[in-house]
Amino acid sequence: MKAAQLVVLTLFPILSTAQIGVNIDLPERGGTYIDLVKENYRWHELSTGAELGPAQVDAQGWPALDARYIGDFRPVAEWAGSIDDPEVYRLDVSGTWKCSFTGQGDVNGTFGAVVQNLSYNAGTNTTTFDFVVTPGSNGLFLIEFTETRRTPAHPLNSGITGFKMLRPGYEDDSELFHTPFLSLFDSVDFSAIRYMNFTITNGSDPAYPVLTTWSERKLPSDASQTAIPQIGKNGGACWEHVIDLANRTQTDAWINVPISASTDYVIQLATMLKNGLDPDLNIYVENSNEVWNTAPGFEQSQYNQAQATALGIDQHQNHARRTVELAQIFEDVFGSGSLNNRIRVVLCSHQPMLKWWVEPMLQYVNATFGPPSDFIYAIGSQTYFSGGHEAGESVDKILDDCHESIIGQIDETGGVNEAGRIQWIEKAMDWNLPGGYVSYEGGPDHGGGSTENIANRILAERSEGMCEEMRFNLDDAFLQVGATLAMQFTLTSGYNRYGCWGLTDDVNVPHRNFKFGCLRDLINDINVNAEELSPKENAQPVVFVFPNPSSGMVHFSFELSQPAEFQLTIYDLLGREVYRFDEGRKERGLHGVDWDSGNAPIGVYRYLLCFGGDCFSGGFVVGK
């Protein structure tokens, strides 16, 4: 444990509004866009069933020949004869999907639905039809487009463009985003949205030294907003839609800039954000995603390694160099004073790699560019927890394992990595980073691909107990310890062997399990408490708690601006009172209270300070 140091804790310094955000996917389960085609790019040959190749699509990705379009909402792994989900939950895709495309052709629903009201308007060269899915569908449908002509001047079998498939209940897609998807952000006051998966950061970079140019970015007019490798666009949604969604939801935007993006690309991106994003919204900027991760699908790590070798530096140094480079470009565009204010650059790494990657990166920045706090707002890691690794574990045992998993991440002084959350917080303090320590991803993690005990693993995710573990992970073991922003992973997902990441598994029915409502209530509770307990006119808003962490005497120092009744109560994380100091009336001026934590178990503790009728809460850590 470090030597005692003075820590200034402003009461509710990070909880005056709950600093909890969320990662979003593309697609969200149950619908991101009104038009399904924007989030589902699955065009196949009629004869072989193979995906269309580059020579079979146009520059925007539309099929240049007769083709089949596939929609598949089946739960994992029904196509292989089994379903992981013990509840066999299915998305309801029944109803009439209003469809249209530019061009002419025959349309047949060969599986899962029927085509009705097929009509061609020669004046506009537009074909419309209804695709009717009956209730009880298993979620798989196929649409075949034959005898196609792009324009009357084109030959037969020349394909179509502009295909739209609007979800049941919509007549047009002028609002762009699916209403239930947007409604989730009306019901939960998220601080920020991280767009890593939405823009498909992972695996979208070319091999070094090829750069990604601004002209190669995803456009709103492309055939889909998901990856279209046939035209060399492996990324996800366009930046225009990121701006649109951030403005509509009034949430700060956390963006992941491709590691291969050219300098001009970054300048153009920053300029677009400056011109389009609501000026009251902040922008968190991250260099790609997990450039330390060498698992398949993280080609950005290979790019980082190759670039580092070319520059004659280590891979972690290159990650730091690129992060500073992004900071400098964004400051040039947004102006002096924007860094660590509206522009918040985050240096992220793997949670155990605090002293193996993060400290060397900060040292490198300091030696090469100057104080890291001039460029970097915060350091961040992931904060996942898990349980149920043993065969046959009950739901209750899985939840117990989850709790132990969280506790084990709070403080790590005796381990090899010395990389608990407290150590990350201390590192941010050591380098005076204004945003402290953040979590770029986190939450329950029961993926990995194994089907061992899969039913109970999924049932645990849907249980009320998982709600309590989420609250413990986000509030007690993160925000109350002194971290600043937790980004939950993720808004929605299927629940299966590959993970049960989502707060819900259906945007249309968000409360069918406890996690979504749990996070909503947590954020609301924190905000309400912050408002109710905020310092009043005659209350003292600052308390000094030191040393923090402590292994002995903890000293609380505060100042009263006028006489008041005073009481200090300390609680453990289970809410049990472990100490109370009630001395009655205190005169105005400086006061101090000591508590001997020497016999207290290691962990996180909360304190409640009451001055007259005004109470304030905070947290501190007891270590050894």
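These are my notebook entries on a predicted model.

**Entry 1. Nonpolar cores**

I began with the largest nonpolar core, which holds 113 residues. Which members touch the most others? They are Ile-24, Ile-255 and Leu-491.

I then listed the contacts of Leu-491, leaving out residues up to four places away in sequence. Leu-491 touches Val-22, Asn-23 and Ile-24, and also Glu-28. Phe-181, Leu-184, Phe-185 and Phe-190 are on the list too.

**Entry 2. Strand β17**

Next I looked at β17, residues 485-488. Leu-485 and Met-487 point one way from the strand, and Ala-486 and Gln-488 point the other way. Are these residues buried or exposed? All of them are buried.

I checked the pairing of β17 with two strands. Strand β2, residues 20-23, runs parallel to β17 and pairs over three bridges. Here Val-22 stands opposite Gln-488.

**Entry 3. Arg-322**

I wanted to know where Arg-322 sits. I found Arg-322 in helix α5, residues 315-334. Its relative accessible area is 4%, so I log Arg-322 as buried, the cut-off being under 20%.

What does the side chain of Arg-322 meet? A polar atom of that side chain lies 3.0 Å from the backbone oxygen of Pro-258. The side chains of Arg-322 and Glu-325 are joined by a polar contact of 2.6 Å. Leaving out residues up to four places away in sequence, I listed Val-257, Pro-258, Ile-259, Ala-261, Val-266 and Asn-287 as contacts of Arg-322.

**Entry 4. Helix α6**

I tested the length of α6, residues 354-368. At 1.5 Å a residue, its 15 residues should span 21 Å. The end C-alpha atoms are 20 Å apart, which agrees.

Which residues of α6 are buried? I noted Leu-354, Trp-357, Val-358 and Glu-359, then Met-361, Leu-362, Tyr-364 and Val-365. These buried residues pack against helix α5 and helix α8 (421-430). They also pack against strands β14 (343-348) and β15 (378-385). α5 is the helix that holds Arg-322. After α6 comes Gly-370, with a positive phi near 125 degrees.

**Entry 5. The sheet β7-β8-β5-β10**

I traced an open sheet of four strands in the order β7-β8-β5-β10, with antiparallel pairing. Which strands are at the edges? They are β7 (114-121) and β10 (161-166), each pairing on one side only. From one strand to the next, the twist averages 15 degrees.

I then went through β8, residues 126-133. Six of its eight residues are buried, so I log β8 as mostly covered, with buried meaning under 20% relative accessible area. β7 and β8 pair antiparallel over six bridges. Val-115 stands opposite Phe-131, and the bridge partner of Tyr-120 is Thr-127.

The partner of Gly-95 in β8 is Val-133.

**Entry 6. The sheet β3-β4-β9-β6**

I traced another open sheet of four strands, ordered β3-β4-β9-β6 and antiparallel in pairing. Its edge strands are β3 and β6 (104-111), and each pairs on one side only. Strand β9, residues 140-149, pairs with β6 over six bridges in the antiparallel sense. I noted Phe-111 opposite Leu-142 in β9.

**Entry 7. Pro-54**

Last, I looked up Pro-54. It lies in the loop between β3 (43-44) and β4 (67-72). Is Pro-54 buried or exposed? Its relative accessibility is 59%, so Pro-54 counts as exposed.

How far is Pro-54 from Phe-516, C-alpha to C-alpha? I got 41 Å in space and 462 residues in sequence.

Notes. Residues numbered from 1 in each chain as written. Predicted model: local features only at pLDDT ≥ 70, side-chain atom pairs only at ≥ 80, totals over all residues. Heavy atoms only, no water. Core = buried A, V, L, I, M, F, W, Y, C linked by side-chain atoms within 4.5 Å. Buried < 20%, exposed > 50% of the residue type's maximum accessible area, 1.4 Å probe, protein only. Contact = heavy atoms within 4.5 Å. Polar contact = N/O pair within 3.5 Å; in protein donor to acceptor, adjacent residues only side chain to side chain. Pairing = 2+ DSSP bridges. Axes fitted to C-alpha atoms, helices over the stretch in contact; angles between N-to-C directions. Expected span 1.5 Å × (residues − 1).
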